[in-house]
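Subject: A structure for you to look at

Hi there,

I'm passing on the structure we talked about, and my notes follow below it. Please have a look at it first, then read on.

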Amino acid sequence: MRDRDMEAMQYTIYRCAEMHMHHIAQGGDPFESGSSRPLDFGHWAAHKLEYMTNYELRHGEAVAKGIVLDVVYAHLIGLINEADLNRVVRVFQNIGFDLSFPLATEKR
């Protein structure tokens with residue numbers, strides 16, 4: 001990752017957790033199957049990537065890759081255009097995320 005403002009990162013993480021807890025406390029969906037579905041953005045693939053890498057891939061890195069995958073899917077099914085897809089990918093690259101994906105290899 002490139003240089004980052006740790007104070008801003010700490011605030012952002014705290015605020016996201018606070019918003020999620022508020023949502024759940026107000027009757028929101030803690031299992032993210034309905035009203036919380038937007039909270040799942042990038043997470044389905046992220047959890048799979050974490051598992052596939054034996055949790056060597058950190059959660060934030062996995063979510064970044066998952067968001068990119070979700071945006072690629074959105075483009076492929078016509079929900080967003082190529083320019084928007086490329087803009088999202090560039091943002092993650094400019095932040096410093098490695099967007100390559102681990103390949104499963106059979107160990108013998």
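Helices (H or I, at least four residues) and strands (E, at least two) are DSSP runs, numbered from the N terminus. On that basis the protein has four helices and zero strands, and its elements run α-α-α-α from the N terminus on.

A word on the source: this is a predicted model, in which local features need pLDDT of at least 70 and side-chain atom pairs count only at pLDDT 80 or more, while totals for chains, interfaces and linings use all residues. Residues are numbered from 1 along each chain as its sequence is written, and side-chain values use heavy atoms, with hydrogens and water left out.

Of the 108 residues in the protein, 24% are buried (under 20% relative accessible area, with exposed over 50% and partly exposed in between; 1.4 Å probe, protein chains only).

Now to helix α4, residues 82–95. Which residues of α4 are buried? They are L85, V89 and F92. Seen down the axis of α4, these fall within an arc of 60°, so they line one face of the helix (the arc is taken from the directions from the helix axis to the C-beta atoms). Their cover includes α3, residues 59–76.

Both ends of α4 are worth a look. At its start, a side-chain oxygen of N81 comes to within 3.1 Å of the backbone nitrogen of A83. Just after α4, G96 has a positive phi of about 115°.

Next, the core. A nonpolar core is a set of buried Ala, Val, Leu, Ile, Met, Phe, Trp, Tyr and Cys residues joined through side-chain atoms within 4.5 Å. The largest one here has 14 residues, and those with the most contacts inside it are A62, I67, V68, V89, F92, F97 and L99. Two or more residues each come from α2 (43–52), α3 and α4, and α3 gives the largest share, six residues. Beyond its neighbours within four places in sequence, V89 is in contact with V68 and L99 (contact means heavy atoms within 4.5 Å).

Finally, T53 sits in the loop between α2 and α3. T53 is buried, at a relative accessible area of 16%, and a polar atom of its side chain lies 3.0 Å from the backbone oxygen of L49.

Best wishes

Technical notes: Polar contact = N/O pair within 3.5 Å; in protein donor to acceptor, adjacent residues only side chain to side chain.
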